[in-house]
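This report covers helix packing, voids and backbone geometry in one model. Look over the sequence and the structure before reading on.

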Amino acid sequence: MLTAIILLPTAMAALLLCVPRGAPRGLFLTAWAATAAADLILTVIVWAGYEHGEGMQYETRARWVPSAGISYHVGVDGLSLPLVAVSCVLFLACAAYAWRETRRPREFAALFLFLQTTCLGLFAALDLILFFVFFDLSIVVMYFIIAGWGHRGAARAALKFFLYTFLGSLALLLGFIGLYLAAEPHTFDIIELTDSNPTAGRATYGALVLLAIAVGLAVKTPTVPFHTWLPPAHTEAPAAGSAILAGVLLKMGTYGFLRIAMPVLPDAWREYALVFVGVGVVSVLYGALVALAQTDFKRMVAYTSVNHMGYITLAIGAAGAVGADQAEARRLAVTGAVFQMVSHGLLTGALFLLSGVLYERGRTYEMSAYSGVAGRAPVLASLTGVAAFASLGLPGFSGFIAEFQILTGSLGPEPVATGLAVLGILLTAGLFLRALQQVFLGPLRLPVTAPGADRPFPDMRVHEGLAIVPLLALGVVLGLAPRFVLDVIEPASRTVLDLLAR
């Protein structure tokens, strides 16, 4: 079942590329949406059959390169299943949003379908080389999406994105090879490496391996100071590309910390946990402050991603810095980190799609070019307001549950760092309120490239609503009734902490 979920999008992508380019545009987009919907249905079936607290499930293992200890090994647990599910939701939302895409729709649909395979495959991968293959392929596919369907500066932004993240992947590969050489017998299997703790008693070696892996994952997350590729990539990417980049690809970094760095390198992680706490706090504050200074709506949202991913880094660092007498705080921090990945994917994905709606009408992201848009597009204004308040952590939304757990779990062990991180929430509230006031309230002002004052400024179209409303609705559901997701995450969080405490 899990292999079918992973490979189904690529199978459809291959079929689409066999269809003549001159076929009706709707054929490609319908096939994309239908495949994404089928993948989501299969994921719901897997979720329904998942047994809480039973560890890794739906495992498949096949020989790949046995002489090098490499296998096709996939499975899901409470860390990966929520991310597989949110990925399927986001790819379906992007398929709906792209319904009016006219520029090379066959290639556009095929690239997103293949990208879906790389994302799902990475979250399910239980072999380091398989993880790395999907990690690298996601970089290549996103490069072509940005370069081929982005805005005016897309070529430069795509190149910067590729070079930064590919360099990070090389560091990641170096770390993986270090783990392989340390293991006896040599293997790339994550489960076997986790059980064997290959760098135990080798502090310097473990620190160097952690450094290589941490750099590779930090570039992808991204954390300060490895974040500079992110704003231009988001600003120049098409809206659907930005939604997947923020909602799914950034989670590959933080997921890698939880799946690989913490359980496989417990000694090194505990030793250097405070470094990750510091990086997390700096990312929270820097991301919020720089976002506050932006005049470009989409670039502002991009910097809030640095801020939100900083909370996750803070949480996983605090989990390693806490003593054994604060097990509940550690569990809250790790659970909150995973829940934040899900919440951020939904809410920031919605914000990037909403920024695309605004750009399609005004052909600019500059907030100073707009004013009073709520009078012409009340539904757009309402949905943007909901997304903004949800993203800043208002109670009743998933962001509140995630940040509450992170801050509660981190406060005991790291009170100063957590207190500083709380300031990020205040800054985020300020920047979103300023943006909403500037763009949607006040006297009407529209960009010169948009419809004039005597013509309608189109409100949300049906396909845009079908893409965005479910994401925000899920944000509300997870804010009011998070138990069905927390029941999946919490046993896996305890397992990670047990492994970390070895």
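## Helices α12 and α18

Helix α12 (residues 273–292) packs against helix α18 (residues 415–440) at an angle of about 20°, and their axes lie 9 Å apart. Helices here are DSSP runs of H or I with at least four residues, strands are E runs of at least two, and both are numbered from the N terminus. Axes are lines fitted to C-alpha atoms, for helices over the stretch in contact, and angles run from 0 to 180 degrees between N-to-C directions. α12 and α18 are therefore roughly parallel to each other. The cut-offs are under 35 degrees for roughly parallel, over 145 for roughly antiparallel and 65 to 115 for roughly perpendicular, with the rest oblique. The crossing of α12 and α18 is left-handed (the near helix is turned anticlockwise from the far one by less than a right angle; clockwise would be right-handed).

The contact (heavy atoms within 4.5 Å) draws on Val277, Val281, Val284, Leu285, Ala288, Leu289, Ala291 and Leu292 in α12. From α18 come Ala417, Leu420, Ala421, Leu423, Gly424, Leu427, Thr428, Gly430, Leu431 and Arg434. By class, the contact of α12 with α18 has 14 nonpolar, three polar and one charged residues. Ala, Val, Leu, Ile, Met, Phe, Trp, Tyr, Cys and Pro count as nonpolar, Asp, Glu, Lys and Arg as charged, and the others, Gly among them, as polar.

## Basis of the model

The model is predicted: local features need pLDDT of at least 70, side-chain atom pairs count only at pLDDT 80 or more, and totals for chains, interfaces and linings use all residues. Residues are numbered from 1 along each chain as its sequence is written, and side-chain values use heavy atoms, with hydrogens and water left out.

The axes of helix α3 (residues 81–97) and helix α4 (residues 105–124) come within 9 Å and cross at roughly 170°. That makes α3 roughly antiparallel to α4. Leu83, Val84, Ser87, Cys88 and Phe91 of α3 meet Phe112, Leu115, Gln116, Cys119, Leu120 and Phe123 of α4. By class, this contact of α3 with α4 has nine nonpolar, two polar and no charged residues.

α14 (327–362) and helix α16 (residues 378–391) have axes that come within 9 Å and cross at roughly 150°. α14 and α16 are therefore roughly antiparallel to each other. Their crossing is left-handed. On the α14 side, the contact is made by Leu347, Leu351, Leu354, Val357 and Leu358. On the α16 side, Leu380, Leu383, Thr384, Ala387, Ala388, Ala390 and Ser391 take part. The contact of α14 with α16 divides into 10 nonpolar, two polar and no charged residues.

## Pocket and cavity

The largest pocket holds about 480 Å³ of space. The search uses a 1 Å grid over the protein atoms alone: a cavity is a set of points where a 1.4 Å probe fits but cannot get out, a pocket is an open set with protein on both sides within 12 Å along at least five of seven lines, and lining residues have an atom within 4 Å of a point. Grid points are joined across faces, edges and corners, and a volume is the space filled by probe spheres set on the points. Of the 19 residues lining the largest pocket, Tyr97, Glu101, Arg103, Glu360 and Arg363 are the closest to its centre. α10 (239–264) and α14 each supply at least two lining residues. α14 gives the most, with three residues. The pocket lining has nine nonpolar, five polar and five charged residues.

One cavity of 30 Å³ or more is counted. The largest cavity has about 50 Å³ of space. Its lining is His308, Gln340, Ser343, His344, Leu347, Thr348, Ser391, Gly399 and Glu403. α14 and α17 (398–411) each supply at least two of the residues lining the largest cavity. The largest share, five residues, comes from α14. By class, the cavity lining divides into one nonpolar, seven polar and one charged.

## Backbone exceptions

Most residues other than glycine have a negative phi, and most peptide bonds are trans. The bond from Thr221 to Pro222 is cis, with omega near -20°. The bond from Val224 to Pro225 is cis, with omega near 10°. Pro222 sits in the loop between α8 (203–220) and α9 (230–236). Pro225 lies in the loop between α8 and α9.

Tyr58 has a positive phi, near 55°, in a residue other than glycine. Tyr58 is placed in strand β1 (residues 57–65).
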